[in-house]
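Me: I would like to learn how to read a few backbone and packing features. Please take me through them one at a time.

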Amino acid sequence: MHLSRDVVLLITHSGDFFTIDRVAEALSKKGAEPFRLDTDKFPLEVQLTAHFNKSKTYHTLEYGTHFISTEQVQAVWMRRIWEPELSKELAPQFRDACIRESQATLDGFWDSLKEARWVDDLERINVAHNKLRQLRVASEVGFVIPQTLVTNKAESAREFFQQVNGKMVSKLLTALSHSMEATSFFLYTSTVKEEDLLDAESLRYCPMVFQEQIPKQSELRVVYVNGNVFVGALDANVYTASKVDWRKPGVEVGAWQHYELPDEVVRRLKVFMGKFGLLFGALDFIVTPSGEYVFLEVNPVGEWGMLERDLDLPISGAIADALLQKKDEG
C-alpha cells in the first residue's frame, strides 16, 4: 500500500511500545500519516533500495504491506536505532559484515532524508550524548552540577573519595540499555564504599565516572519538547531503596507527582537545550533538602512514557506538534 505524500517516519524497534503508539496516534489525529520503521527488522523484513542517477536520488522502503519513498517523508522522529535481528542460520563469520553493511545502508537512508524535519537530527543527538560535554555546558548556563571525577587512575579515585567525605557514587559515560521499564542490563548509578576501592586498580582497563553523592528531597525527570517543559517528581523518602538510582530493577518508586520548575531553572534549561540545538531531551535533576536544583544529565532520546501514563502529561502531542511544525518556523 502506497501512503500519502505527507509521511512522518517514526524510527524505532519492534519491542518498542506505548510512547511510539501515543506519538503515532497524536500524528494521525492531526491529519499526518505515521510510518513506523522497526530498525531491528532490517534487512530480513524491511526492503530498502537506493536509486541514484543523473537527474535525482531517492530511496524506497517496503515494510509489511506499506511502501514509501523518501520524497514523501516530511518529518522524522528519531526514537531508537537497534542492531539487526539476523537469522541463526547465518554463519557467524558473516554476521559482523552483514550488520556493518546493514547499518551503512541505513546511514545512507538517513542522509537521503536531510530535507525532512528531524526530532532530532542524528548528528546533534550524537554530540549531546557526551556526558562530559553536558556537564560543561550545564555549568556554563548556570546550573549547579555535582563534583565529578572521570579517571582510570586508582589513586585519583581514592583521593576523590576522601575529598567528598566518603559520599561518592559511580557510573558509566555510556548507557547499556534503553527502556521505559527497568532492566538488569543497565549498570545503574551505585554508591561506592571504601572497600570497593581496594580493587580500584581495575580502572586501568575501563575509566569510570565518580561524583559526590547529592542529598535528595526529590528526583525530577524533566522532558523538554520544542520549548515546552513537562516534569515528574519522585519523593526521595518514598523510594528509600533507590536513593541512588530509581531506575534499578525491582525498586518500587511510588507514584510520580506533578511538579513545577522555578522560572529561572526553566530559562536555563531552554538555553542549555539551545546550545545543543535539540528539540527534545529527557533531563534528570535532584532537588536537595535545601531546595537547590542539581543537574545530572540529559538523554536526547530519553524515556517519558511513565510521565504521560501516570500524570497524563501531553508529551506525545507536543512531539507530534514539533514534527509537524515547518522547518522554517523552528
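**Loops and a helix pair**

Reply: Asp-312 sits in the loop between helix H7 (305-311) and helix H8 (315-324). Helices (H or I, at least four residues) and strands (E, at least two) are DSSP runs, numbered from the N terminus. This is a predicted model: local features need pLDDT of at least 70, side-chain atom pairs count only at pLDDT 80 or more, and totals for chains, interfaces and linings use all residues. Residues are numbered from 1 along each chain as its sequence is written, and side-chain values use heavy atoms, without hydrogens and water.

Me: What is the phi of Asp-312?

Reply: Most residues other than glycine have a negative phi. Asp-312 is not a glycine, yet has a positive phi of about 60°. Asp-312 counts as exposed, because its relative accessibility is 62% (exposed means over 50%). Phe-18 also is not a glycine and has a positive phi, about 65°. Phe-18 lies in the loop between strand E1 (7-12) and helix H1 (19-29).

Me: At what angle do the axes of H4 and H6 cross?

Reply: Two packed helices are described by the angle and the distance between their axes. The axes of H4 (residues 131-140) and H6 (residues 263-276) come within 10 Å and cross at roughly 135° (lines fitted to C-alpha atoms, for helices over the stretch in contact; angles run from 0 to 180 degrees between N-to-C directions). That makes H4 oblique to H6 (angles under 35 degrees count as roughly parallel, over 145 as roughly antiparallel, 65 to 115 as roughly perpendicular and the rest as oblique).

Technical notes. Buried < 20%, exposed > 50% of the residue type's maximum accessible area, 1.4 Å probe, protein only.
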